[in-house]
Amino acid sequence: LNIDGSATVASEALKVSFNGVTDTEDDDKVVASSTDNSLNASIQVTSLTLNEAVSATYTIKNQETDVDANVIKKQISNDKPEFFEVTTSVDDSAETITAGGTGTVTVTVRLIKTPIETDDSTANIQIDLTASPVAQ
């Protein structure tokens with residue numbers, strides 16, 4: 001008697017998501033949000049003055065139970081870089097998030113030049129983060 005066969009792993013994406021906003025620097029000028037277990041978060045910044053910077057800090061959760069995740073800042077898009085500086089920082093706890101753990105990422109927006117034209121007074125920004133599994 002002989003039994004031949006195979007076994008495969010279900011192909012699923014690594015489950016890393018936003019899990020709320022931990023802090024905003026100036027609640028009058030920054031509205032930041034994220035829904036728990038979401039892949040998207042938002043930030044709205046208003047009424048900045050020259051050289052003023054405001055920030056929001058988001059929690060990132062690794063929902064995996066047995067796989068650690070590296071979080072990498074991939075790309076920042078800013079359609080008005082001559083007026084607005086956008087930076088991110090991933091804290092040490094978010095560079096490698098242990099299975100079931102959390103880390104944070106902070107987004108900072110600074111007005112570096114006062115726009116003269118109304119069309120330049122608003123920047124559209126996007127920050128892409130990538131999570132990848134850590135080899136054990």
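Visitor: Which residue in β4 is the bridge partner of Val 21?
Guide: Tyr 58 is the bridge partner of Val 21. This is a predicted model: local features need pLDDT of at least 70, side-chain atom pairs count only at pLDDT 80 or more, and totals for chains, interfaces and linings use all residues. Residues are numbered from 1 along each chain as its sequence is written, and side-chain values use heavy atoms, with hydrogens and water left out.

Visitor: How many bridges pair β1 and β4?
Guide: 6 bridges, in the antiparallel sense. Two strands pair if DSSP finds at least two bridges between them. Strands are DSSP runs of E, at least two residues, numbered from the N terminus.

Visitor: What holds paired strands together in general?
Guide: Strands of a sheet pair through backbone hydrogen bonds, either parallel or antiparallel.

Visitor: In what order do the strands of the open sheet run?
Guide: The order is β1-β4-β8-β6, with antiparallel pairing. β1 and β6 are the edge strands, and each pairs on one side only. From one strand to the next, the twist averages 25°. Axes for that are lines fitted to C-alpha atoms, and angles run from 0 to 180 degrees between N-to-C directions.

Visitor: Now β8. How many bridges join β4 to it?
Guide: 9 bridges join β4 to β8. β6 joins β8 through 7 bridges. Take Thr 108 in β8: Ser 55 is its bridge partner, and Thr 87 stands opposite Thr 108 too.

Visitor: Why is β8 described as largely enclosed?
Guide: Because 7 of its 10 residues are buried, β8 is largely enclosed by the rest of the structure. Buried means under 20% relative accessible area, with a 1.4 Å probe and protein chains only.

Visitor: Back to Tyr 58. Buried or exposed?
Guide: Tyr 58 is at 3% relative accessibility, so it counts as buried.

Visitor: Which residue forms an aromatic pair with Tyr 58?
Guide: Phe 18 does, edge-to-face, at 5.9 Å centre to centre and 65° between the planes. Phe 18 sits in strand β1 and Tyr 58 in strand β4, 40 residues apart. Rings of Phe, Tyr and Trp (its six-membered ring) pair if their centres lie within 6.5 Å; planes under 30 degrees apart count as stacked, over 60 as edge-to-face and the rest as tilted.

Visitor: Which residues touch the most other members of the largest nonpolar core?
Guide: Tyr 58 and Ile 60, out of 21 residues. Such a core is a set of buried Ala, Val, Leu, Ile, Met, Phe, Trp, Tyr and Cys residues joined through side-chain atoms within 4.5 Å.

Notes:
Buried means under 20% relative accessible area, exposed over 50%, partly exposed in between (1.4 Å probe, protein chains only). Helices (H or I, at least four residues) and strands (E, at least two) are DSSP runs, numbered from the N terminus.
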